[in-house]
Amino acid sequence: MGDIGLLGFGPDGWGLVLFRAGLMTLAVSVAAFLCGLMLGTLVAWGRVAGNGPVRALAEGYTVVLRGVPDILVIYLFYFGGRQVVAAIGTALGFPGPFDISGFVAGMLAIGLISGAGQSEVLRGAYQAVPKGTIEAGRVVGMGRLTLFRRVIAPQAMTTALPGMGNQWQSVIKESALVSVTGLVETMRQVSVAAGTTQEHFLFYAAGAVIYLIITTLSDQLFRLAEKRSLRGHHGAGF
Amino acid sequence: MDLTFLSSMFQSILKGLPLTLNLWVLSLLGGGCLALLLNLMRQSRIGAAVAGSYVFLFRGTPLLIQIFMIYYGLAGFGFIRQSFLWPFLREPYWCGLLALILNDAAYTSEILRGGLRAVPKGAVEAGRVSGMSRVAILRRITLPLAIRQALPAYSNEIISMLKATALVSTITLMDMTGIARAAISETWRAVEILLCAAVIYLAISMLVTRASAWAEARLSPWQFGRTTP
């Protein structure tokens, strides 16, 4: 095992750089998760309430994203995005070379992957909302938006929380794949550090610890949120 | 789109299919055995702690970092380079397979644990009363019931592992993704190449979805005693 001082925050240490890379992992994960949330909500809506073609499109999307490796989707956004940007740029007469940001490509790719999973969670949560409560809301004259905001969303959110927690954990781990685009997040930074210092095991272990810290802390947060959301529920035994 | 390019690309990516299938099947078999072992360990308190930390470590970190840790990290230890394992651990194939097995075991052991918890106590007691040995109970009562219970979650894991094999392309292995990646840097026609690869992965995963739906229906209690599903 190499010199543990390499991980410190001193002038020779990689501590600060790794800390920043950890923040980048968080940033790209949060951005991707939010993309996935927007897409997942739309797709779940399409599957629950859409007409034939909309439903088929939404189902096709989940089937495709479930079966294709994540890294191919990231390559598609990174290389494909570059191809598209270059084509548009050349057509508009800008001089090359063209490039797109690894952050944007990664955010969109992982958002697209996560959206498929999130839509399944949200759809399940919507279907678990007791139909009687929706009917009751309708009977008292609530509009569609009010019904969603005051009856459906609060109940569905409680059911969806554990599933959304799992989706978030997946996003964090998938964010490591964005390193193939050259974005300097945790995975990329530990590879660079390992290559520079030739202390491969030490730095990959440090990277693993960073991911463990992020996954463990966010797991605690989701559990807390779950507990809070269950306040006032009958028979919630804790 | 250029059809001749697409079909030639399709053919060259298919050359990586044997390696993808090989890694996929072997990692599921190895991971399944290790997962069973982890669950058997859970019967003692120390074993449960070891199994728990194993699952925590492997589920809390990305597979990519596990692959790199085994491929690049282990080579840094002198005693590993001197050991009989070195001829294996110096090959990217064995490192990739090892990482996939270890990763799959962590996820599968949790799925199996859920299945085991759903086995009714009475069924096990009945086996014991009728004089079955522990191995016989495991083989004839506990495992069949647990596996049926875990089937839907496990079919997701089977597909996840197919997708996970794509990551071995990062340690120079020429599976389908590795070939696609190399072709991209040669031709820069990323979209066409990636679509070809995606179609093949998608076809396999749809086959798995079909097969597992069939197996689930076939193994449901209301199907028992029928000759055709």
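1. Let's start with burial in chain A: of its 238 residues, 39% count as buried. Here a residue is buried if 20 or more other C-beta atoms lie within 10 Å of its own, exposed if 12 or fewer, and partly exposed in between, with C-beta atoms placed from the backbone. Please keep in mind that this is a predicted model, in which local features need pLDDT of at least 70 and side-chain atom pairs count only at pLDDT 80 or more, while totals for chains, interfaces and linings use all residues. As for labels, residues are numbered from 1 along each chain as its sequence is written, and chains are lettered from A and ligands numbered from 1 in the order in which they are written.

2. The rest of the chain A overview is quickly told. Chain A holds eight helices and zero strands, where helices (H or I, at least four residues) and strands (E, at least two) are DSSP runs, numbered from the N terminus. Its C-alpha trace spans about 70 × 55 × 30 Å along the principal axes. Among the chain A contacts with a separation of 6 or more, 72% are between residues 24 or more positions apart; two residues are in contact if their C-beta atoms, placed from the backbone, lie within 7 Å.

3. Now for chain B. It has 11 helices and zero strands, and its C-alpha trace spans about 70 × 55 × 25 Å along the principal axes. Of its 229 residues, 34% are buried. Residues 24 or more positions apart supply 75% of the chain B contacts with a separation of 6 or more.

4. Within chain A, have a look at helix α1 (residues 15–49) and helix α4 (residues 102–127), whose axes come within 5 Å and cross at roughly 45°. That angle makes α1(A) oblique to α4(A). Axes are lines fitted to C-alpha atoms, for helices over the stretch in contact, and angles run from 0 to 180 degrees between N-to-C directions. Angles under 35 degrees count as roughly parallel, over 145 as roughly antiparallel, 65 to 115 as roughly perpendicular and the rest as oblique. The crossing of α1(A) and α4(A) is right-handed; a crossing is right-handed if the near helix is turned clockwise from the far one by less than a right angle, and left-handed if anticlockwise. By class, 17 nonpolar, nine polar and two charged residues form this contact. Ala, Val, Leu, Ile, Met, Phe, Trp, Tyr, Cys and Pro count as nonpolar, Asp, Glu, Lys and Arg as charged, and the others, Gly among them, as polar.

5. Helix α9 (residues 134–164) and helix α11 (residues 190–218) of chain B have axes that come within 10 Å and cross at roughly 165°, so α9(B) and α11(B) are roughly antiparallel to each other. Their crossing is right-handed. On the α9(B) side the contact includes B:L151, B:P152 and B:I158, and on the α11(B) side it includes B:Y201, B:I204 and B:V208. The residues of this contact divide into nine nonpolar, three polar and one charged.

6. What about the two chains together? In the interface, 29 residues of chain A are in contact with 25 residues of chain B. On the chain A side, the elements giving two or more residues are α2 (52–67), α3 (70–91), α7 (186–197) and α8 (200–229). The largest share, 10 residues, comes from α8(A). That side of chain A has 18 nonpolar, eight polar and three charged residues.

7. A nonpolar core is a set of buried Ala, Val, Leu, Ile, Met, Phe, Trp, Tyr and Cys residues joined through C-beta atoms within 7 Å. Of the 108 residues in the largest one, A:L72, A:I74 and B:A197 touch the most other members. Leaving aside residues up to four places away in sequence, A:L72 touches B:A166, B:T177, B:L194, B:A197 and B:A198.

8. Two backbone spots in chain B are worth checking by eye. Most residues other than glycine have a negative phi. B:T172, in the loop between α9 and α10 (176–187) of chain B, has a positive phi of about 70° although it is not a glycine. B:T172 counts as exposed because it has 12 C-beta neighbours inside 10 Å. B:W188, in the loop between α10 and α11 of chain B, has a positive phi near 60°. B:W188 is likewise exposed, with 12 other C-beta atoms within 10 Å.
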